[in-house]
Amino acid sequence: MSQNTVSSVAIPQSVISAEAVSVALEAAVAHAEKLGVKINVALADSGGNLTGFLRMPGAFIQSIDIAIDKAYTAAGFGFSTKDWMKVIGHDEGMKLGFSARPRLVVFGGGLPVRVAGELIGGIGVSGASEAQDEECARAALAAIGAE
């Protein structure tokens, strides 16, 4: 296979680094501690694959999967999980169809991770209020210089 053939079939994809995942997880937890809440936080790469997870002692066990699924949803679609209802709007077919999809989260706490406009992953936080989850996720993004 020639180099030209490879470049026409293979597309490079940027993903979040292990170092950035570690920093982001710790930043989300530190922010949760400031707020006095207990969270689960997950990061996914740009393909939606889990790259890191951290659970604060005492955080809701049910929120483990929710945090992971928020990261998966935000990475997979490239926008905030909170924005899903805006995207769906009044389309009943989309509401029914998407609500039947496993792992899709349509409430706040999941954000895409972008650097210089390029999607490199997603973060999901669960365990506090929707606003607090998103605040912790934004603190994580700020800690790694992401959008």
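Throughout these legends, buried means under 20% relative accessible area, exposed means over 50%, and partly exposed means in between, computed with a 1.4 Å probe on protein chains only. The model is predicted, so local features need pLDDT of at least 70 and side-chain atom pairs count only at pLDDT 80 or more, while totals for chains, interfaces and linings use all residues. Residues are numbered from 1 along each chain as its sequence is written, and side-chain values use heavy atoms, with hydrogens and water left out.

**View 1. Pro112 is a buried residue in strand S3**. With a relative accessibility of 12%, Pro112 falls under the 20% limit and therefore counts as buried. Helices (H or I, at least four residues) and strands (E, at least two) are DSSP runs, numbered from the N terminus. Contact means heavy atoms within 4.5 Å, and when neighbours within four places in sequence are left aside, the contacts of Pro112 include Ala74, Phe79, Leu119, Leu141 and Glu147. Pro112 and Asp45 are 67 residues apart in sequence, yet their C-alpha atoms are 9.7 Å apart in space.

**View 2. Helices H2 and H6 cross at roughly 135 degrees**. The axes of H2 (residues 18-35) and H6 (residues 130-143) come within 8 Å, where axes are lines fitted to C-alpha atoms, for helices over the stretch in contact, and angles run from 0 to 180 degrees between N-to-C directions. Because angles under 35 degrees count as roughly parallel, over 145 as roughly antiparallel, 65 to 115 as roughly perpendicular and the rest as oblique, H2 is oblique to H6. Among the residues that meet here are Val23, Ala27 and His31 in H2, and Gln132, Glu135 and Cys136 in H6. By class, this contact has ten nonpolar, two polar and one charged residues; Ala, Val, Leu, Ile, Met, Phe, Trp, Tyr, Cys and Pro count as nonpolar, Asp, Glu, Lys and Arg as charged, and the others, Gly among them, as polar.

**View 3. The largest nonpolar core has 23 residues**. Such a core is a set of buried Ala, Val, Leu, Ile, Met, Phe, Trp, Tyr and Cys residues joined through side-chain atoms within 4.5 Å. The residues with the most contacts inside this core are Ile16, Ile39, Val41, Leu43, Val113, Ile123 and Val125. The elements that give two or more residues to it are H2, strand S1 (40-45), strand S3 (110-115), strand S4 (118-126) and H6, and H2 gives the most, with seven residues. A second, separate core of six residues includes Ala42, Ala44, Ala67 and Ala71.

**View 4. Ile144 is found in the segment after H6**. With a relative accessible area of 22%, Ile144 is partly exposed. Leaving aside neighbours within four places in sequence, Ile144 is in contact with Ile16, Ala20, Val23, Ala24 and Val113.

**View 5. Arg103 and Ala116 have positive phi values**. Most residues other than glycine have a negative phi. Arg103, in the loop between helix H5 (92-99) and S3, has a phi of about 75 degrees and is partly exposed at 35% relative accessibility. Ala116, in the loop between S3 and S4, has a phi near 55 degrees and is exposed, with a relative accessible area of 77%. Arg103 is also touched by Asp69, a residue of helix H3 (residues 63-77) that counts as buried at 17% relative accessibility.
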